[in-house]
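Here's a quick briefing to read alongside the model. Have a look at the fold, then go through the points below.

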Amino acid sequence: QTQYGDTESAEVFTTLIQLTSDYDKSVKALPMALDLAATGLFDAGTAAKYVAMAMEGNVQMLGRYIPELRAETNEIVKNGTAAEKTAEFMRIFNEKFAGTAQKNLQSTAGQTKQLKNYMSDLGEAIGDLVLPALNSLIPSLTTATVALLNFGKMSKTISKSDEGRLV
């Protein structure tokens, strides 16, 4: 459980799948992207983008923000294969950031964000219950509205044609 709701998590997951083209890799990367976003360094979308890049061995962008991932200070990042760079990213990430999104739930801001997510989920659930009933009423409401509009037009026409006469 983290401070991120299902909608935001789904958006991050979609981004990861789009960028890695690998479902299993994206499943593994999702908590990392949410943890990275929870640090406040990036929004969730940007975190997903950078984690996807790192999962493919491209850690240069993250190296701008995480000193341990800079080529000048890390031989693996400088000369390693894509797989080695990914493994190095995961090692450093787990040491520094793993569990951040969950830990943030202990703060008032994290709890407030989670409550907001739950309220949004509740609204969606209520909408899922009410929408079918509303959809079934729409044709009847449309027919009734058209009938009222036609009655109003007809009333105006009768009223104008009968002006000055007692009916």
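How many salt bridges does the structure hold? There are four salt bridges, each being a side-chain nitrogen of Lys or Arg within 4 Å of a carboxyl oxygen of Asp or Glu. Keep in mind that this is a predicted model, where local features need pLDDT of at least 70, side-chain atom pairs count only at pLDDT 80 or more, and totals for chains, interfaces and linings use all residues. Numbering starts from 1 along each chain as its sequence is written, and side-chain values use heavy atoms, with hydrogens and water left out.

**Salt bridge**
- One to look up is Glu56 with Lys25, whose side chains meet at 3.1 Å, N to O.
- This pair ties together distant parts of the chain, 31 residues apart: Glu56 sits in the loop between α3 and α4, and Lys25 in helix α2 (residues 23-38).
- Helices here are DSSP runs (H or I, at least four residues), numbered from the N terminus.

**Helix packing**
- Helix α3 (residues 44-55) packs on helix α6 (residues 82-96) at about 130°, with axes 8 Å apart; axes are lines fitted to C-alpha atoms over the stretch in contact, and angles run from 0 to 180 degrees between N-to-C directions.
- That angle makes α3 oblique to α6, since oblique covers whatever is left after under 35 degrees (roughly parallel), over 145 (roughly antiparallel) and 65 to 115 (roughly perpendicular).
- Val51, Ala54 and Met55 of α3 touch Thr86, Phe89 and Met90 of α6, with contact meaning heavy atoms within 4.5 Å.

How values were computed: Helix = DSSP H or I, 4+ residues; strand = E, 2+ residues; numbered from the N terminus.
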